[in-house]
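Please examine the sequence and the model shown below. A briefing on its fold, its helices and its surface follows.

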Amino acid sequence: MTDADQTPVPTPAAGRRTLGVMLLLTVLSAVLVLTAAGRVWAEGRAGTLDVSVTGGKISELPGGLALMGLAAAVAVFAVRGVGRLAVGTLTLLAGLGAAAASVAGASDTVALDSAASGKLALAGSTATEVSHTGWPWVALVGGLLLALAGLITLRYGRGWPAMGSRYEAPTRKAPAKADTPGDLWKALDRGEDPTAV
């Protein structure tokens, strides 16, 4: 018996289970990243005024990549074979990108300094007493979960169900030759153009 003979064949139930896990991870990751992006990541003071910036102000990348991951979760039903591998790869890269952008934003002060300049109406002002919150790390976890969803798609995606052929674009059939006026009406009822050559 060869190693190929010992490889277990995934059952339809196992395929649906891994598909469900991938969808759950994708939705959970998007919720984490988008929620974190809307929360304060850094705060400080500009003179006597308090300033703060959200994750979305520091970097729009994590939120955008999380939305891309959600779109990929929907696209996985519309593609098969190589297309599904491409979707899995994009999901993996989106998750890694969101995670990296979250880590980079965890200590970023450029957006906070810009907010301080706006509050003081003085170009080049910098924020003082800067502190960072834990929300970038929540976004990091979301990005890693999205990357895991991409890995699951790459590993198990070939066995997942896809949309049936009834959802595919219809192919145009050549109209039947109309010999009588009744045939012309029947062709029109079917949505065909009996005058097409």
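How many bridges join β1 to β2, and in which sense do the two strands run? The strands β1 and β2 are antiparallel, and 6 bridges join them. The model is predicted: local features require pLDDT of at least 70 and side-chain atom pairs pLDDT 80 or more, while totals for chains, interfaces and linings use all residues. Residues are numbered from 1 along each chain as its sequence is written, and side-chain values use heavy atoms, with hydrogens and water left out.

**Overall architecture**

- The protein has 8 helices and 3 strands, where helices (H or I, at least four residues) and strands (E, at least two) are DSSP runs numbered from the N terminus.
- Read from the N terminus, the order of elements is α-α-β-β-α-α-α-α-β-α-α.
- Of the 197 residues, 33% are buried; buried denotes under 20% relative accessible area, exposed over 50%, and partly exposed the range in between (1.4 Å probe, protein chains only).
- Contacts are heavy atoms within 4.5 Å. Among those between residues at least 6 apart in sequence, 74% join residues at least 24 apart.
- The accessible surface comes to about 11,900 Å², and carbon and sulfur atoms account for 64% of it. Accessible areas come from the Shrake-Rupley method with a 1.4 Å probe, and for residues only the protein chains shown count as cover.

**Strand pairing**

- Strands are taken to pair if DSSP finds at least two bridges between them.

**Salt bridge**

- A salt bridge is defined as a side-chain nitrogen of Lys or Arg within 4 Å of a carboxyl oxygen of Asp or Glu, and a search of the whole structure finds 1.
- Arg45 and Asp50 form a salt bridge in which the closest N and O atoms are 2.4 Å apart.
- Arg45 counts as partly exposed because its relative accessibility is 23%, whereas Asp50 counts as exposed because its value is 54%.
- Side chains of opposite charge can pair when their charged atoms come close.

- Helix α6 comprises residues 110-120 and includes Leu120.
- The buried residues of α6 are Ala111, Leu112, Asp113, Ala116 and Ser117. They pack against β1 (40-46), β2 (49-54), α3 (55-58) and β3 (128-132).
- Leu120 is partly exposed because its relative accessible area is 32%.
- Just after α6, Ala121 has a positive phi of about 60°.

- Thr91 is located in helix α5 (residues 82-105) and counts as buried because its relative accessibility is 3%.
- Leaving aside neighbours within four places in sequence, Thr91 is in contact with Ala72, Leu146, Ala147, Ala149 and Gly150.
- Thr153 belongs to helix α7 (residues 135-156) and is buried because its relative accessible area is 2%.
- Not counting residues up to four places away in sequence, Thr153 touches Met22, Val76, Arg84, Gly88 and Trp160.
- Leu140 also has its place in helix α7; it is buried because its relative accessible area is 19%.
- With residues up to four places away in sequence not counted, Leu140 touches Ala99, Ser102 and Val103.
- Leu140 and Ser29 are 111 residues apart along the chain, and their C-alpha atoms are separated by 9.3 Å.

**Record annotation**

- An unreviewed UniProt entry places the feature "transmembrane region" at residues 21-41, 61-79, 86-106 and 135-156. UniProt positions follow the numbering used here, feature names are shortened, and annotations may be inferred rather than shown by experiment.
- In the model, residues 21-41 are 81% helix and 10% strand, with the end C-alpha atoms 30 Å apart.
- Residues 135-156 are 100% helix and 0% strand, and the end C-alpha atoms of this span lie 32 Å apart.
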